[in-house]
Amino acid sequence: MLIAGFPAGAWGTNCYLVAPAAGEECVIIDPGHQATEGVEEALKKHRLKPVAVVLTHGHIDHVASVVPVCGAHDVPAWIHPADRYMMSDPEKALGMSIGMPLMGELTVGEPDDVKELADGAQLRLAGLDFSVAHAPGHTKGSVTFKMPAADDIPSVFFSGDLLFAGSIGRTDLPGGDHAEILESLARVCLPLDDSTVVLSGHGPQTTIGRERAANPYLREVAAGLGAEPAPRRGM
């Protein structure tokens, strides 16, 4: 399996391209702010053909490049219905101005083909299997994508802004809810094997085992308590 990832834009949002191998079809996860050039470079480098864009949630730092990427390759975008409005109205989603000088020129709106994600959905894209889990708390429509273990490759978990190395997503923006994100951590993350590789929306790669041992939020959830807020990443 091939996973090519890079941080993009003002918030360093991780965009991932996932394929069975170089030279094959791929899925693009979270092409956010200023991600278009990086996506095209990765496609060319690994000789990949996109078949879909999938989105962990609707914040502009994760979806800003969806329209140009989907348009250039004539592929659909998948998003949870609770976050779909954010593609067309990013400022409402944030409850504040996104700052056009900072963000640069944006193509706000939906791509031509939008498909909606549901909790428990099983997606078969580019010859790969993705299990979808609805994980609200950062936004109402946040989801995660899990790929099963295969041969000597551990399971891979695209956590979006639910879980980071050492932290979790912020909950102080519209649609955020601290109690809800703790419930999502307990329901979605705790059952995963310790060997599961976590590729999050911001920051470095980690594993469930490492976060179970050291992440204060996951530790407190596992103990049946709610952690006090600490510094968190993401828009």
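A nonpolar core is a set of buried Ala, Val, Leu, Ile, Met, Phe, Trp, Tyr and Cys residues joined through side-chain atoms within 4.5 Å. The model on screen is a predicted one, and this tour begins with its largest nonpolar core, which has 29 residues.

**Stop 1: the largest core.** Select Leu 17, Ile 28, Val 53 and Val 66, the residues with the most contacts inside this core. Then colour the elements that each supply at least two of its residues: strands β1 (2-8), β2 (13-19), β3 (25-29) and β5 (77-79), and helices α1, α2 (60-63) and α3. The largest share, 4 residues, comes from β1.

**Stop 2: helices α1 and α3.** Select residues 36-46 for α1 and 66-73 for α3; their axes come within 9 Å and cross at roughly 35°. On α1 the contact is made by Thr 36, Val 39, Glu 40 and Leu 43, and on α3 by Pro 68, Val 69 and His 73. By class, these are 4 nonpolar, 2 polar and 1 charged residues.

**Stop 3: the buried side of α3.** Which residues of α3 are buried? They are Val 66, Val 67, Val 69 and Cys 70. These pack against β3, α1, β4 (49-54), α2 and β5. End at Asp 74, which follows α3 and has a positive phi, near 55°.

Definitions and conventions
Residues are numbered from 1 along each chain as its sequence is written. This is a predicted model: local features need pLDDT of at least 70, side-chain atom pairs count only at pLDDT 80 or more; totals for chains, interfaces and linings use all residues. Side-chain values use heavy atoms; hydrogens and water are left out. Axes are lines fitted to C-alpha atoms, for helices over the stretch in contact, and angles run from 0 to 180 degrees between N-to-C directions. Contact means heavy atoms within 4.5 Å. Ala, Val, Leu, Ile, Met, Phe, Trp, Tyr, Cys and Pro count as nonpolar, Asp, Glu, Lys and Arg as charged, and the others, Gly among them, as polar. Buried means under 20% relative accessible area, exposed over 50%, partly exposed in between (1.4 Å probe, protein chains only).
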